Amino acid sequence: MLAIYKRELRAHMNSFIGLLFTAVSLFFVGIYYTSYQLLGGYPYFSVTMNNVSGILWMTVPVLCMKVFSEERHNKTDQLTLTAPVTVGQIVLGKYLALLSVLGITTLITCVYPLIMAAYGKILVGETYIAILGYFLYGAASIAVCVLISALTESQVIAAVLGFVALLLGNLTGALGSMISVKGNWFTNALAVYDLATPFTKLLNGIFDVPSVVYFFTVIGFSLFLTTQVIQKRRYSVSVKQLSMGAYST
């Protein structure tokens, strides 16, 4: 798994998409930070994180669109599928590489509140809980887009479906409130895939344990489904090779 992680991280950091993801994220962090904190004198950094999170709807699907679909399209996935590693290690190595790219931008973002604290008073705990919420939200979004990338061999389709999936994850809470204020079985079903509500709680500076658990659940379930998709693909490749070998013999 470590070898896959290093290879994928090196590929992301040396590619245009990986650098573009980091540059775009930090660019918008700088814009909102300048607008709200420097010029507006607003002490709550969570507002900046809330606005930047909307950029993840577009950048995360682009970052993840080729993680599995490109290999499947180029037929190079057979080299990975027949490697002496488990499917779970393949999926986890690729996911951790993508998560590291997000982690780099998040660590750089952590410097901005320190600059604010040097020239004024801020709520340090609430600020970094909001940044943690941003990271967990991004980590869950990456896991969902990795699953979608494993389902198709087209990078464009993977990016579009990833954007739609993240958009739905942020609209289900509002749709549930519009359908029923008190709630019913349908709104409860929609709440299963509600990325916005847990993120909002963390943005408010509340270390809500159920929200943290929810994001870890989305990540784990998405990676589990991705593993099953790749496992099915690996089994198909193995059966095909076995059949050809028996026929040649």
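The expected span of a helix is taken as 1.5 Å times one less than its number of residues. In this predicted model, helix H10 comprises the 25 residues 155-179 and should accordingly span 36 Å, a value with which the 35 Å separation of its end C-alpha atoms agrees.

Two packed helices are described by the angle between their axes and the distance between the axes. For helix H2, formed by residues 16-39, and helix H3, formed by residues 46-53, the angle is about 140° and the axes lie 9 Å apart. Because only angles over 145 degrees count as roughly antiparallel, H2 is classed as oblique to H3. The crossing of H2 and H3 is right-handed.

With regard to the cysteines, the structure holds zero disulfides. The closest cysteine sulfur to that of Cys64 belongs to Cys145 and lies 5.1 Å away, which is too far for a bond, since a disulfide requires the two sulfur atoms to be within 2.5 Å. Cys145 is accordingly in no disulfide, the sulfur of Cys64 being the nearest cysteine sulfur to its own. Both residues are shielded by the criterion of under 20% relative accessible area: Cys64 is buried, with a relative accessible area of 1%, and Cys145 counts as buried at 3%.

Note on methods: Residues numbered from 1 in each chain as written. Predicted model: local features only at pLDDT ≥ 70, side-chain atom pairs only at ≥ 80, totals over all residues. Heavy atoms only, no water. Buried < 20%, exposed > 50% of the residue type's maximum accessible area, 1.4 Å probe, protein only. Helix = DSSP H or I, 4+ residues; strand = E, 2+ residues; numbered from the N terminus. Axes fitted to C-alpha atoms, helices over the stretch in contact; angles between N-to-C directions. Parallel < 35°, antiparallel > 145°, perpendicular 65-115°, else oblique. Left-handed = near helix turned anticlockwise from the far one by under 90°.
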